[in-house]
Amino acid sequence: MKSIKEKHPLATRWAHWINFPVLTIMIWSGMLIYWANDVYSFTLFGHTFFRFFPDPVYNFFDIPHRLAEGMAFHFLFMWFFAVNGFLYVLYTAISGEWRLLLPNRHSFKEAWLVLLHDLHIRKMLPPQNKYNAAQRIAYTSIIIMGLGSLITGLAIYKPVQFYWLTWLCGGYHWARIEHFILTIGYVLFFVIHIVQVIIAGWNNFRSVISGFEIVREKPTTDIKIIEDEKPIQ
Amino acid sequence: MKNPSSKKPAEKILSQKQINRRNFIAFTGFIGFNALAFGAWRWLYKSPVEKSGITAGARKPLRRALDQNELLLRKTFSNDHLVKTYPKSMADPNVRVNSEIGIDDTGFDSKNWSLIVNKKDGSKLQLSLQEIMALPKTEIVYDFKCVEGWDQISYWGGLRFSDFIAHYNLQEEAKLQYVGMATPDKAYYVGLDMPSAMHPQTLLAYEVNGLPLPVKHGQPLRLIIPVKYGIKNLKRIGTISFSDQRLPDYWAEQGYDYYSGL
């Protein structure tokens, strides 16, 4: 007998695993589009640290000269990305899961302690519920980023019809830059996410597929009162 | 106050058999979902490319998606949705040249040029630049947007397309659904939906930065259609035609969206 704890609702798991391939296709097709005008770089104080993207990266993913193809894929899969994200947010709002996910007033201070713990600087983790403070911030930010991608994306896609969205993004030129930065953000999120999942181990990973975690190999009810211990009179 | 975060989710005691059963169902579902998703992707990625026609070069399901997007999003199109305009001082003096398809004929002389308008009844209208320039001029300074992703604020002057339609009594033609324009050598051509062509900011332009168009920008007359990507802004218009069927479009034959609307 084992003691298990229900962790991730079915809807959350579906949304997560649908989003993964869809976002991958969006990033890939986005790169096909970006290639046609690949002017962005990471430059600080006049020194360029990184150009998006070096030729080996383009060649590895077979990116060059596929703009039309990229647009065609991007403008189909954007619907799946948007609908899946919308359904996830709707479910989270209605089910009450949002209470476990939204950062609260302690989260920002606690997230710092979580970070110190994860970097092996601090031994203790602050007390946590299903998600720790850093997770709350990360999993809420990623949803806001998703919304940001939709808004900046629409602002580039139809800058005349949705002129107010383009205005909100600071104009067409900036909307494209913001759309790109958000995508880089997903890639960074992905890297950290994968490292954390590997560290957290199998029990945690399985819970994103089958929904539950095993908390104890032997259930608590197995604890027996030892014979020679007498209650204090 | 009900707050599920304050109470720990209940623990359940399951036998190894029950756990295995749940894992089996979940993992089978997960693998099945992945196989299905992968299969769907292979199907889409390997789906046949359109045979040459008005649109070509795109995978058929993706072309359907592009066309459906247009049908849905054209509902948001309005003549009241204007492209943002800027003061002349913000216009870039060096207007970018991205393509010379259709204007690379070195033997071309704009003095011998005239605009041919193919009317609905089969007759032709032949117009000189002077006739077009004699009509009221409209100017626009806006952010020109290329399908490649760059944009540039540029300043154009010319005859508003809707004014052109009204002046030459082409109202019957304007009731048709599409306009087509081609360079004199027919090497470059665009097809436009009528609402976009009739948008108040669409110009038959003969000036850039206040000066007559140089050859590289489409001398003597070009299309400036701010509600479309640059690929639709045909340089050196030779003919204008009207139809209820979609008219040929250079880039739509290369896998790009036929409408390319903004």
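In which loop of chain B is Pro220(B) found? Pro220(B) sits in the loop between β9 (211-212) and β10 (222-224) of chain B. A cis peptide bond joins Gln219(B) to Pro220(B), with omega about 5 degrees.

This is a predicted model, in which local features need pLDDT of at least 70, side-chain atom pairs count only at pLDDT 80 or more, and totals for chains, interfaces and linings use all residues. Residues are numbered from 1 along each chain as its sequence is written, while chains are lettered from A and ligands numbered from 1 in the order in which they are written. Helices (H or I, at least four residues) and strands (E, at least two) are DSSP runs, numbered from the N terminus.

**Backbone exceptions**

Most residues other than glycine have a negative phi, and most peptide bonds are trans. Chain A also has a cis bond, from Phe52(A) to Phe53(A), with omega near -5 degrees. Phe53(A) belongs to the loop between β3 (47-51) and α2 (55-60) of chain A.

| Residue | Phi | Other C-beta atoms within 10 Å |
|---|---|---|
| His65(A) | near 60 degrees | 10, exposed |
| Asn209(B) | near 50 degrees | 18, partly exposed |

The exposure classes count other C-beta atoms, placed from the backbone, within 10 Å of a residue's own: buried at 20 or more, exposed at 12 or fewer, partly exposed in between. His65(A) lies in the loop between α2 and α3 of chain A. Asn209(B) lies in the loop between β8 (203-208) and β9 of chain B.

**Helix α5 of chain A**

Helix α5(A) covers residues 107-118, 12 residues in total. From first C-alpha to last it reaches 16 Å, close to the 16 Å expected at 1.5 Å a residue. That expected span is 1.5 Å times one less than the number of residues. Its buried residues are Ser107(A), Glu110(A) and Val114(A). They are on the same side of α5(A), because they cover an arc of only 65 degrees around the axis. The arc is taken over the directions from the helix axis to the C-beta atoms. Part of their cover comes from α6 (133-157) of chain A. After α5(A) comes His120(A), with a positive phi near 65 degrees.

**Where the chains meet**

The interface brings 38 residues of chain A into contact with 43 residues of chain B. Contact means C-beta atoms, placed from the backbone, within 7 Å. Elements giving two or more residues to the chain A side include β1 (2-6), α1 (10-34), α3 (67-95) and α8 (172-200). The largest share, eight residues, comes from α3(A). By type, the chain A side divides into 23 nonpolar, eight polar and seven charged residues. Here Ala, Val, Leu, Ile, Met, Phe, Trp, Tyr, Cys and Pro count as nonpolar, Asp, Glu, Lys and Arg as charged, and the others, Gly among them, as polar.

β1(A) and β1 (11-14) of chain B run antiparallel, joined by four bridges. Strands pair if DSSP finds at least two bridges between them. Ile4(A) has Lys12(B) as its bridge partner.

**A sheet in chain B**

Chain B holds an open sheet of five strands with mixed pairing, in the order β3-β2-β11-β6-β7. β3 (124-127) and β7 (189-193) stand at the edges with a single partner strand each, so one side of each is left without a neighbour in the sheet. Between β6 (178-182) and β7(B) there are five bridges, and the two run antiparallel. Tyr178(B) stands opposite Asp193(B) there.

Key: Two residues are in contact if their C-beta atoms, placed from the backbone, lie within 7 Å.
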